[in-house]
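Subject: Structure handover and findings

Hello,

Here is the structure for you to open. My notes come after it.

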Amino acid sequence: MYIIVLALLFGIVATLLANDTSPDLKLLGRWEEVLWKYEKLDAPGGEISESTFQINDQVKQEISKGLVIHEAEIWEVEPDGKINLYKKNGKKDVLQWRLKGRGNILKLSGKDNSLEHYQIQKLTADTMEIHFNTDLQARGIIKMKFVKIENGK
């Protein structure tokens with residue numbers, strides 16, 4: 001009896017894994033940035049309201065100083081390991097991307113050997129949510145949310 005149950009469970013798990021799209025393939029395409037907010041916040045004392053977690057453009061600029069994602073509104077992830085970051089002014093940066101871990105760490109590397117790591121919290125066919133830590137005075141985990149605007153090649 002136990003062998004039959006184990007065989008059925010193994011078959012179900014194997015079927016689910018075989019039918020799931022790999023994170024690499026889900027990541028391909030054009031993604032539009034729609035939200036920046038604090039996911040977790042190390043605020044010293046006082047009450048924390050929902051508005052405390054919102055990040056305005058000024059704070060976003062401060063947080064992203066020195067990051068390759070600075071001012072990028074559209075991320076275009078290509079299958080050859082390149083990622084194009086399009087800015088509001090029409091300029092773009094071309095970086096390299098790679099998934100690490102179990103496909104939950106997005107590693108971006110720039111031409112000046114800069115490295116950045118982002119934790120992929122959610123990745124579906126049309127939504128991506130990534131987190132990263134900031135060392136600003138408000139120290140917290142930043143959540144960036146994207147929606148897919150065009151599928152990969």
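Below is what was found, from the overall layout down to single residues.

First, the ground rules. This is a predicted model: local features need pLDDT of at least 70, side-chain atom pairs count only at pLDDT 80 or more, and totals for chains, interfaces and linings use all residues. Residues are numbered from 1 along each chain as its sequence is written, and side-chain values use heavy atoms, with hydrogens and water left out.

**Layout**

The chain has three helices and eight strands. Both are DSSP runs, numbered from the N terminus: helices are H or I with at least four residues, strands are E with at least two. The order along the sequence is α-α-β-α-β-β-β-β-β-β-β.

Of the 153 residues, 34% are buried. Buried means under 20% relative accessible area, exposed over 50%, and partly exposed in between, with a 1.4 Å probe and protein chains only.

Now contacts (heavy atoms within 4.5 Å). Among those with a separation of 6 or more, 46% are between residues 24 or more positions apart.

**Strand pairing**

Strands pair if DSSP finds at least two bridges between them.

- E2 (residues 72-77) pairs antiparallel with E3 (residues 82-87) over five bridges. Glu76 stands opposite Asn84 in E3. Four residues separate the strands in this hairpin, where Gly81 has a positive phi near 90°.
- E3 pairs antiparallel with E4 (residues 92-100), again over five bridges. Leu85 faces Asp93 in E4, and Ile83 has Leu95 in E4 as its bridge partner. This hairpin has four residues between its strands, and Gly90 in the turn has a positive phi of about 95°.
- E4 and E5 run antiparallel, joined by five bridges. Leu99 has Leu106 in E5 as its bridge partner. Four residues lie between the strands of this hairpin, and Gly101 takes a positive phi near 65°.

Back to Gly90, in the loop between E3 and E4. Gly90 counts as exposed, at 56% relative accessibility. Its C-alpha atom is 9.7 Å from that of Ala72, 18 residues away along the chain.

**Aromatic pairs**

There are four aromatic pairs. Rings of Phe, Tyr and Trp (its six-membered ring) pair if their centres lie within 6.5 Å; planes under 30 degrees apart count as stacked, over 60 as edge-to-face and the rest as tilted.

Trp36 and Phe132 have ring centres 5.7 Å apart and planes at 80°, so this pair is edge-to-face. Trp36 is in E1 (residues 29-41) and Phe132 in E7 (residues 127-134), so the pair ties together parts 96 residues apart in sequence. Both Trp36 and Phe132 are buried.

Trp75 and Phe146 have ring centres 4.7 Å apart and planes at 55°, so this pair is tilted. Trp75 is in E2 and Phe146 in E8 (residues 140-151), so the pair ties together parts 71 residues apart in sequence. The relative accessible area is 0% for Trp75 and 0% for Phe146.

Ring pairs link Trp36, Trp75, Tyr118, Phe132 and Phe146 into a cluster.

**Core**

Which residues have the most contacts inside the largest nonpolar core? They are Trp75, Trp97 and Leu106, in a core of 24 residues. A nonpolar core is a set of buried Ala, Val, Leu, Ile, Met, Phe, Trp, Tyr and Cys residues joined through side-chain atoms within 4.5 Å. E1, E2, E3, E4, E5 (105-109), E6 (115-123), E7 and E8 each supply at least two residues of this core.

Leaving out residues up to four places away in sequence, Leu106 touches residues including Leu27, Trp75, Trp97, Tyr118 and Ile120.

Lys143 lies in E8. Lys143 counts as buried, at 12% relative accessibility. Beyond neighbours within four places in sequence, Lys143 contacts Leu35, Trp36, Lys37, Glu39, Glu129, Ile130 and His131.

The charged end of Arg30 sits over the ring of Tyr86, 5.1 Å from its centre. The criterion is NZ of Lys or CZ of Arg within 6 Å of the ring centre and within 35 degrees of the ring normal.

Best wishes
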